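I opened the model today and kept notes as I went. The entries below follow the order of my look-ups.

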Amino acid sequence: MSSPRTVRHRLAADAGLLIVAAAFVLPLAWVVLSALDAHANLQVKIPDGVTLDNFDAVLTPDITFTPLLNSLLLCGGATLLTVASAALAAYPLSRYRSRFNNPFLATVLFATCLPITAIMVPVYALFVQVDLIDTMQGTIFFFAASQLPFAIWLMKNFMDGVPKELEEAAWTDGASSFQSLIRIVLPLMGPGISVVTVFSFVMMWGNFFVPFMLLLTPEQMPASVSINDFFGNRGTVVYGQLAAFSIIYSTPVILLYVLVARRFGGGFALGGAVKG
Amino acid sequence: MKVGRGGARRPLTRALPLAPSLVLLLLFLAGPIAYCAYIAFTDLQLTGQAHSSFVGFDNFTAAFKDDAFLNAVWLTLVFTVLSSLIGQNTLGLALAALMQRASKTVRTVTGAVVICAWVLPEVVAGFLLYAFFRREGTLNAILDWLHLPTQNWLFTLPILAVSFANVWRGTAFSMLVYSAALGEIPKEITEAAEMDGAGGWRRMWHITLPMIRRSIGTNLMLNTLQTLSVFGLIWVMTRGGPGNRSQTLPLFMYEQAFQKSMIGYGTAVALLLLVVGSLFSLVYMRLLRSEA
């Protein structure tokens, strides 16, 4: 079937990809192998004997459970807030014509791209003034606001895909807009909502700078910040434990990504970003 | 929210669902940005100061006379050009192009590995690359095994090391964008070019690249914006050091505002970063509009 030339091309492409993959896999191999190695150091090496001691050592309330719970509280709360607000906001933007829609959407798109890192210093200063510094709720609000522009943008695009006729039928039956949003539109855009939810959650779960700036007490720190403790205060770094913790902390977002990517194809979140 | 002249016909209640988002955006995003624009012109400090006073453009003129600031601007430029414009973009395109021809297994495996690096939390990625580049790390072990000279990468070439780290972490995005773009090119066009005897490189240069130029534009914009705001990755790997040899603008801003307690000065730097980001953002919107 395939000509010798196509086969040659395929082999060359395979070789090229495998070289890149090998380069990319080295750091990943380190974390997996070190987590299972009682004598882990900074090099990729096969452990003398596979052990789960590193996981045992980090699975304590102090090191793992409290930070992960904090992460869950922060990111879960902020994701809920983001998705609920974005779904509500997308409705009038998608359903009614108004001359405010386009400017609003343009502003939202503009804000999507702003480097949030840049405003963390003023946010800190502002939070000190209004007494929101070192509070979970303040951090949740800021997280939600920072993720909202992109969430509104995506949500509106998904909502545009739900045909209006179905709603009109419900309106003739006397349903209010709110009822039709909850009962008809949102259920029909389930995939879109899961994409927005997972994307928001993954972004926040991995974010380091926001909680690093806005939270101060160690008991409130999420995993993205507490992971630093392996370096600073404990003297010598136990690399095996650091690796084990990294794996535990990363697993939820990888699973979520795989779950959503399976259903909607890779790069699920790109639809709204690179297409207008 | 005001609905304008059509207010009677379009009742206010229609805009009501926008309220939660508007409140959040105004209080927690527009508010800080406005506050940023204000304190950048003051001498606000972190501690031991009752009031701050308005100092006009002093922070900005001070910045442009400050060697450490100019160093941060230069390093940000190097970091962005190396890791985003050249690294992520070119490697992402190369991977996407190769994937079109590769066998399915290799494609899946490579894709999974590259995407995994992308999905990992920022700090974890930082640690993995820290371990990779350290003197006792994997890279030197490999170089040693190949009988090539080793060195303490994070000390001798810190900005190069963090740039590579950013390529490792960010290439997946370009790869996905370009895979989608290449997938949309009709097969007939490439086949026709092949019949006319155009080789791989010429097809890439004369046909493929012009056809995906819009994706290239948006991808470059998004990569650049993303790279401009990288903090955690560099913080974990080098803390901006040694000295300030990998201190990009976000890290410089943090150091001025918190380690040196000069919030006003740090915010002036933040404002500059925000302005640069806004410019890129506007170009990105233009690109999107021309695409639509």
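I then noted the ground rules. This is a predicted model, where local features need pLDDT of at least 70, side-chain atom pairs count only at pLDDT 80 or more, and totals for chains, interfaces and linings use all residues. Residues are numbered from 1 along each chain as its sequence is written, chains are lettered from A and ligands numbered from 1 in the order in which they are written, and side-chain values use heavy atoms, with hydrogens and water left out.

**Entry: confidence**

I checked the scores next. The model has ipTM 0.87 and pTM 0.89. For pLDDT (the predictor's confidence in each residue, from 0 to 100), chain B averages 86, and 94% of its residues reach 70 or more. I marked residues 1-9 of chain B, where pLDDT stays under 50. For that stretch the model has 13 contacts (heavy atoms within 4.5 Å) beyond four places in sequence. Where pLDDT is low, the predicted coordinates should not be read in detail.

**Entry: chain A overall**

I counted 13 helices and 0 strands in chain A. Its C-alpha atoms fill a box of roughly 70 × 70 × 35 Å along the principal axes. Of its 276 residues, 53% are buried. Here buried means under 20% relative accessible area, exposed over 50%, and partly exposed in between (1.4 Å probe, protein chains only). Taking chain A contacts with a separation of 6 or more, I found that 71% come from residues 24 or more positions apart. Chain A exposes about 12200 Å², with 65% of it supplied by carbon and sulfur atoms. Areas come from the Shrake-Rupley method with a 1.4 Å probe; for residues, only the protein chains shown count as cover.

Lys and Arg count as positive and Asp and Glu as negative, leaving out His and the chain ends. Each charge is placed at NZ of Lys, CZ of Arg, CG of Asp or CD of Glu. Chain A has 14 positive and 15 negative charges, with mean positions 18 Å apart.

**Entry: chain B overall**

I ran the chain B totals. The C-alpha box is roughly 75 × 70 × 30 Å along the principal axes. Buried residues are 52% of the 292. The accessible surface is about 13900 Å², 65% of it from carbon and sulfur atoms. I got 22 positive and 14 negative side chains, the two centres lying 10 Å apart.

**Entry: helix α9 of chain A**

I picked α9(A), residues 190-206. Its 17 residues reach 24 Å from first C-alpha to last, close to the 24 Å expected. The expected span is 1.5 Å times one less than the number of residues. Its buried residues include Val195(A), Phe199(A), Phe201(A) and Trp205(A). What covers the buried residues of α9(A)? The cover includes α3, α6, α11 and α12 of chain A, together with α5 (122-133) of chain B.

**Entry: Met175(B)**

I ended on Met175(B), in helix α8 (residues 158-183) of chain B. Is Met175(B) buried or exposed? Met175(B) is buried, because its relative accessible area is 3%. Beyond four places in sequence, its contacts are Gly92(B), Leu95(B), Ala96(B), Met99(B), Gly111(B), Val114(B) and Ile115(B). Pro20(B) lies 155 residues from Met175(B) in sequence and 36 Å away, C-alpha to C-alpha.

How values were computed
Helix = DSSP H or I, 4+ residues; strand = E, 2+ residues; numbered from the N terminus.
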